[in-house]
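Hi,

Here is the structure I said I would pass on to you. Have a look first, and my notes follow below.

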Amino acid sequence: MTLVCVKDLHKSFGDLEVLKGVDLDVAPGEVVAIIGRSGSGKSTLLRCLNQLEQHDGGNIEIAGQRLDAEAMAPSELSRNVGMVFQSFNLFPHKTVGENVMLAPVVVRGVNKQEASRVAREVLDKVGMLEKFDAYPAQLSGGQQQRVAIARALAMKPKVLLCDEVTSALDPELVGEVLLVLEALAEEGMTLILVTHEMKFAHDVADRVVFMHHGRIHEQGDPKTLFNHPRTPELRQFISAVR
Amino acid sequence: MIEFTLWDIVRNLLLAARWTIVLSLIAFVGGASLGLLFTVLRLSGNRLLKVMIGVYVDVFQGTPLLMQLFLAYFGAAALGFNVSAWAAASVALTLFTSAFLCDIWRGCLEAVPRGQWHASRVLGMDYLQTMRHVILPQALRLSVPPTVGFSVQVVKGTALASVIGFVELTKAGTMLNNATFAPFTIFALVALIYFALCYPLSRYSRYLERRLYDAGMR
Amino acid sequence: MGLTLDFLALSPYVGELARGLVTTVVLTVVTTLSGLMLAIVVAYLRVHAATWVRRILGGYVELTRNTPFIVQLFFIFFGLPALGIKIDAITAAFLAMTLNLAAYTAEILRAGIEATGRGQLEAARTLGMSKFQSYRHVVLVPAFARIYPALTSQCIIVMLGSAVVSQISVFDLTYAANFIQSRNFRSFEAYLLVTLVYLLLAVGMRQLFLLVGRRLFAFRQGGQA
């Protein structure tokens with residue numbers, strides 16, 4: 001059984017073909033780390049999965065629902081796919097609690113009490129419950145990113161996409177965010193992460209996907225992939241980031 | 001009663017629009033000169049002058065232009081001068097314009113980054129040298145778009161001179177309306193003529209602003 | 001040269017002055033609110049509506065910004081009845097001021113909306129919000145926070161500009177001054193006093209906006225909670 005099924009995905013920006021036929025299946029509960037150099041197409045792949053970019057060819061199916069060239073209503077898509085961004089993108093004029101409650105209330109029509117209960121639950125999970133009434137400007141980057149994760153979780157997505165979620169953080173703040181993601185993985189959340197944290201990919205992911213020039217160049221379980229890379233490109237990549 | 005054809009109305013309005021243009025030019029040129037003087041005085045370093053000019057700007061920006069016109073017109077009369085609507089409108093609009101331009105230009109001078117002053121100081125330039133070679137050239141570039149933009153406010157401001165009886169475009173419109181009872185046509189035409197005067201200035205100001213912005217991006 | 005100011009000559013007209021003041025204040029408060037609401041709608045439609053709607057609204061904004069307020073007022077007060085739309089002076093004043101403020105504010109607001117980070121919109125979208133929901137809940141408040149100083153000035157300009165409604169016999173502050181000077185011929189005193197009242201209104205409005213803004217946009221202040 002697959003939760004996310006990507007077949008022969010193509011995407012171009014003008015003359016530049018960024019995805020040249022990507023196939024990827026992700027099972028429920030699986031944690032997939034996508035690695036690769038910048039420009040290899042890994043972020044674009046992630047953005048196609050929730051229609052922030054519209055793919056040109058191939059198809060994507062998530063939880064049995066097909067994403068066509070025609071964009072799906074965001075409210076529909078958000079039932080299945082959640083996303084956490086590199087730059088947090090918390091809403092600056094809303095408190096932590098309001099950030100988490102907003103979408104359940106306005107998109108799903110959940111009542112405020114229920115939304116607040118769910119918000120407290122997910123904020124507790126990421127260790128941010130005591131900042132319920134704080135504004136984003138009052139939080140550190142790591143704290144903001146944890147709230148952003150809680151905000152995505154509150155919509156109860158089937159798969160959570162994480163786009164370089166630690167890249168904008170000061171080194172000492174990376175750990176707290178990775179811990180949260182690790183706990184989610186252990187709970188059985190399906191995660192697809194684009195990441196530069198090789199140790200995290202190695203320790204937490206079920207599968208690592210190495211992208212190169214718009215294609216999946218090599219993939220496999222992290223131990224094998226990192227210890228015995230088959231292709232020279234991956235070998236070079238690993239030695240460069242180590 | 002005299003019958004007015006549409007052409008009669010348009011012709012009369014266009015003739016009156018000349019006075020709108022003349023009054024605008026007087027107010028703009030006079031206001032710019034006076035505003036420049038105030039800007040320089042403000043920079044002179046005299047605290048009292050600075051405060052006084054600040055109050056002057058606040059008063060003109062904080063009161064209705066219509067009141068400024070009334071005071072120039074009736075106030076002069078109370079002082080014993082019998083001034084024409086012409087003179088009163090010219091004086092009031094000039095003062096009004098000078099206050100706004102002075103404020104706009106102060107903003108442009110302040111928009112030049114502090115680092116420019118520091119760099120000049122380190123290079124051994126004194127206040128006047130820094131002002132002349134570093135600050136003013138940059139502030140001048142910044143000041144062109146908002147100054148052109150403000151000229152639109154001046155043209156529109158001249159419409160209030162109609163209230164004290166100066167026959168420009170708006171006054172001509174009300175007079176023609178009293179004679180013809182075709183208010184819809186007349187005020188639509190009046191508006192269109194103002195638009196024809198102001199819109200090119202607005203567009204030009206926006207164009208200059210975009211060009212400045214693009215230049216800054218490069 | 002015989003300038004003698006006699007402000008006591010104005011004392012019998014305190015009632016008229018008060019009436020004028022109330023009218024000016026009410027006109028300002030109501031048009032500020034209605035103008036802002038209209039501007040919010042116009043600004044949204046200017047980005048998201050069909051092309052022909054955007055064109056019409058663009059025309060409205062440009063026409064309003066490039067013609068004098070007094071001409072707009074005359075057009076509404078004298079021109080609309082000629083089309084069979086009956087309208088009294090105070091309604092004409094409300095309408096003209098609202099349309100005027102909304103046009104300027106919509107344009108100011110547009111700049112504030114365009115400054116919204118792309119990430120904010122993408123976050124709203126991945127959370128399932130429609131364009132309208134993200135405008136209302138995500139874009140609008142930070143946009144207002146960004147343009148607040150310009151908005152304050154524009155509202156004050158409209159208050160000062162409202163002096164013109166005296167010309168269609170709305171009993172505002174300026175009308176009160178005209179009324180007094182027609183009775184006691186103390187025009188200079190009357191106008192000076194009323195000018196001072198306008199100045200105080202402008203200063204008061206600025207303070208009020210500052211105070212309200214500080215509460216409304218408290219989220220901008222950082223520091224650990």
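Keep in mind that this is a predicted model. I started with chain A, which is split into domain 1 (1–69 + 160–235 + 238–242) and domain 2 (81–156). Taken over C-alpha atoms, the centres of these two domains of chain A are 24 Å apart. They do meet: 17 residues of domain 1 of chain A contact 15 residues of domain 2 of chain A. On the domain 1 side of that contact, strand E7 (159–163) and helix H6 (171–187) of chain A supply at least two residues each. That side has eleven nonpolar, two polar and four charged residues.

Next, the inside. The largest nonpolar core has 198 residues, and among those with the most contacts inside it are Ile34(A), Leu69(B), Val190(B) and Tyr191(C). Helix H4 (residues 89–114) of chain C gives the most to this core, with 14 residues. Both domains of chain A take part too, with at least three residues from each.

Leaving out residues up to four places away in sequence, Val190(B) touches Leu13(B), Leu169(B), Thr170(B) and Gly173(B), plus Val71(C) from chain C.

The chain B span is 84% helix and 0% strand, with its end C-alpha atoms 22 Å apart. For the chain C span, the figures are 84% helix, 0% strand and 19 Å between the end C-alpha atoms.

Cheers

Definitions and conventions. Residues are numbered from 1 along each chain as its sequence is written. Chains are lettered from A and ligands numbered from 1 in the order in which they are written. This is a predicted model: local features need pLDDT of at least 70, side-chain atom pairs count only at pLDDT 80 or more; totals for chains, interfaces and linings use all residues. Helices (H or I, at least four residues) and strands (E, at least two) are DSSP runs, numbered from the N terminus. A nonpolar core is a set of buried Ala, Val, Leu, Ile, Met, Phe, Trp, Tyr and Cys residues joined through C-beta atoms within 7 Å. A residue is buried if 20 or more other C-beta atoms lie within 10 Å of its own, exposed if 12 or fewer, and partly exposed in between; C-beta atoms are placed from the backbone. Domain bounds come from an automatic or database domain assignment. Two residues are in contact if their C-beta atoms, placed from the backbone, lie within 7 Å. Ala, Val, Leu, Ile, Met, Phe, Trp, Tyr, Cys and Pro count as nonpolar, Asp, Glu, Lys and Arg as charged, and the others, Gly among them, as polar.
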